[in-house]
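Please keep the sequence and the model in view while reading.

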Amino acid sequence: MAISAKGMAITGIDDRRYWNCVSTEESRLHLGRFSQRLGRRMSSFEHTHGWDIKPVKFELSTSDGQLESCEHYLDDTEQDYENGNHKRGCWIDYKVGEFIVNTSEPTTEVRFSVKQIDCTHSKGGLCVDSVFIIPTDLKERKRRGTLK
């Protein structure tokens, strides 16, 4: 299941000092802005700043009390070994955690948040597209090559 950025409740989304909605052919989450030049995909990082100073906190909670959280520096220019690529200019998946749904009744509500509230420095250049909820067995079958 994917929840697009337009389907999310993003704090301050209507304040153009902080957020700007830009249509793109790309998807997911990355730093920098994509453009096309002579048919080639290019990334611009001139407005990307502040994401290497303090980590961003990702949090996942469910209505039945499950809670997962983790922290990541979004602008780590080192190789991202877990995902096999460089973070700048690439879409990056961050695993926040896992939760279990035992029964379909009552409905399990899931909340997801990304926070980096620090007023000591400015930040810019973050592109957000969507959040994915992927069943663990689906990911495992894809890894093993048995997904059809």
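**The chain as a whole**

Of the 148 residues in the chain, 20% count as buried, where buried means under 20% relative accessible area, exposed means over 50%, and partly exposed lies in between (1.4 Å probe, protein chains only). The model is a predicted one, in which local features need pLDDT of at least 70 and side-chain atom pairs count only at pLDDT 80 or more, while totals for chains, interfaces and linings use all residues. Residues are numbered from 1 along each chain as its sequence is written, and side-chain values use heavy atoms, with hydrogens and water left out.

The chain holds one helix and eleven strands, these elements being DSSP runs numbered from the N terminus (helices H or I, at least four residues; strands E, at least two). Read along the sequence, they follow the pattern β-β-β-β-β-β-β-β-β-β-β-α. Contact here means heavy atoms within 4.5 Å, and among the contacts between residues at least 6 apart in sequence, 60% join residues at least 24 apart. The chain exposes about 11,200 Å², of which carbon and sulfur atoms supply 50%; the areas come from the Shrake-Rupley method with a 1.4 Å probe, and for residues only the protein chains shown count as cover.

**A sheet of three strands**

An open sheet of three strands has the order S6-S5-S9 and antiparallel pairing, two strands being paired if DSSP finds at least two bridges between them. Strand S6 (67-72) and S9 stand at the edges, and each has a single partner strand, so one side of each is left without a neighbour in the sheet. Neighbouring strands of this sheet are turned by 10° against each other on average, direction ignored; the axes behind this value are lines fitted to C-alpha atoms, for helices over the stretch in contact, and angles run from 0 to 180 degrees between N-to-C directions.

S5 is joined to S6 by six bridges in the antiparallel sense. Within this pair, Glu59 stands opposite Ser69, and Ser61 has Leu67 as its bridge partner. The hairpin of S5 and S6 has four residues between the strands, and Gly65 takes a positive phi near 95° there. The pairing of S5 with S9 is likewise antiparallel and runs over six bridges, with Lys57 bridged to Lys115 of S9.

In soluble globular proteins, nonpolar side chains tend to be buried together. Leaving aside neighbours within four places in sequence, Phe58 is in contact with Glu68, Ser69, Cys70, His72, Leu74, Tyr94, Val96, Phe112, Ser113 and Val114.

Gln116 is found in the loop between strand S9 (110-115) and strand S10 (126-128), and counts as buried because its relative accessibility is 13%. Its side chain joins that of Lys123 in a polar contact of 3.1 Å, a term that covers a pair of N or O atoms within 3.5 Å; within protein, one must be able to donate a hydrogen and the other to accept it, and residues adjacent in sequence count only if both atoms are side-chain atoms. Apart from neighbours within four places in sequence, Gln116 is in contact with Trp51, Lys54, Pro55, Val56, His121 and Lys123.

Tyr73 has its place in the loop between S6 and strand S7 (79-80), and with 39% relative accessibility Tyr73 counts as partly exposed. Pro106, in the loop between strand S8 (85-86) and S9, is joined to Glu105 by a cis peptide bond with omega of about -5°.

Met1 lies in the segment before strand S1 (2-4) and, at 65% relative accessibility, counts as exposed. Met1 and Phe132 are 131 residues apart in sequence, yet their C-alpha atoms are 5.6 Å apart in space.
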